[in-house]
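Please keep the sequence and the model at hand while following the residue numbers.

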Amino acid sequence: MFCILANFFSFYDNKSSYKVDENMHSGMNNIRRQLTLFVEETEAKQIEAIRDKYNPLQKRLIKCHVTICRENEIQDLEKVIENLMHLEQPPFDIQFGRPTLFNNGKGILLPSIGDNLEFNVLRKMILSGTQNNLQVQIPHITLMHSRNSSCSNSDFETIKTMPLPSKFNFKTISLIEQIDGEQWQIIKTFKLKNRVAMIHDVVI
């Protein structure tokens with residue numbers, strides 16, 4: 001399946017337009033696709049150490065990340081990819097607070113802090129032409145997922161005392177896919193880049 005999608009994007013990279021094959025995954029069950037901001041491995045070491053100890057199942061499924069668009073938001077994949085290919089948005093930072101419990105204390109996440117303006121502007125650009133009522137999202141990094149880990153009070157108190165980075169810089173957006181609950185695979189990566197200066201942008 002990964003090869004099929006890789007060939008699909010290879011075709012697109014060499015064409016000015018394309019049509020998504022709706023039967024691409026015929027016969028497959030539970031296909032999920034999301035757009036994700038992966039944390040650089042060198043910056044994620046402390047978080048990955050926590051995930052390795054307290055939530056190894058989720059760590060094996062996907063690396064440390066922030067989800068920017070969920071599967072229900074990118075149903076019109078053709079338009080989303082078109083927006084991503086023409087995106088002119090520079091790398092940006094997200095500030096994070098201290099570990100917080102969620103889902104009735106069953107999981108732990110790092111919530112973002114601040115207005116998250118760049119994150120939500122980026123979402124708006126990616127989903128342009130696909131959403132009528134785009135929701136503002138609060139980005140976060142999950143340390144312990146409530147679906148496949150068990151958070152105790154002792155775990156939370158221990159994790160709260162651990163020194164963790166308060167800011168991460170994101171340079172790429174990844175389209176990822178999961179089939180039947182297996183490990184998430186990166187299908188395509190889109191680099192964030194500065195807007196090309198035009199003549200009318202120059203102030204004299």
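This is a predicted model: local features need pLDDT of at least 70, side-chain atom pairs count only at pLDDT 80 or more; totals for chains, interfaces and linings use all residues.

Strand 8 and strand 9 are paired antiparallel over 6 bridges, and they form a hairpin with 5 residues between them, where Asp180 in the turn has a positive phi of about 55°. Strand 8 is mostly covered, with 6 of its 8 residues buried.

Taken together, 4 strands make up this open sheet, in the order 2-1-8-9 and with antiparallel pairing. Its edges are strand 2 (65–69) and strand 9 (185–191), each of which pairs on one side only, and the twist from one strand to the next averages 35°. Inside the order, strand 1 (residues 31–38) runs antiparallel to strand 2 and is joined to it by 4 bridges; Phe38, for its part, stands opposite His65 in strand 2. Strand 1 is also joined to strand 8, again in the antiparallel sense, by 6 bridges. Helix 5 (residues 117–126) lies across strand 1, strand 2 and strand 8 (172–179), and runs at about 45° to strand 2.

A further open sheet has 3 strands in the order 4-5-6, and the pairing here is antiparallel. Strand 4 (100–102) and strand 6 (140–144) are the edge strands, each pairing on one side only, while neighbouring strands of this sheet are turned against each other by 40° on average, direction ignored. Strand 5 (residues 107–111) pairs with strand 6 in the antiparallel sense over 4 bridges, and Ile108 stands opposite Met144 in strand 6.

Two helices pack on this sheet: helix 2 (residues 45–54), which touches strand 5 and strand 6, and helix 6 (residues 153–160), which touches strand 4, strand 5 and strand 6. The direction of helix 2 makes about 35° with that of strand 6, whereas for helix 6 the angle with strand 6 is about 130°.

| Strand pair | Sense | Bridges |
|---|---|---|
| Strand 1 and strand 2 | antiparallel | 4 bridges |
| Strand 1 and strand 8 | antiparallel | 6 bridges |
| Strand 8 and strand 9 | antiparallel | 6 bridges |
| Strand 5 and strand 6 | antiparallel | 4 bridges |

How values were computed: Residues are numbered from 1 along each chain as its sequence is written. Side-chain values use heavy atoms; hydrogens and water are left out. Two strands pair if DSSP finds at least two bridges between them. Axes are lines fitted to C-alpha atoms, for helices over the stretch in contact, and angles run from 0 to 180 degrees between N-to-C directions. Contact means heavy atoms within 4.5 Å. Buried means under 20% relative accessible area, exposed over 50%, partly exposed in between (1.4 Å probe, protein chains only).
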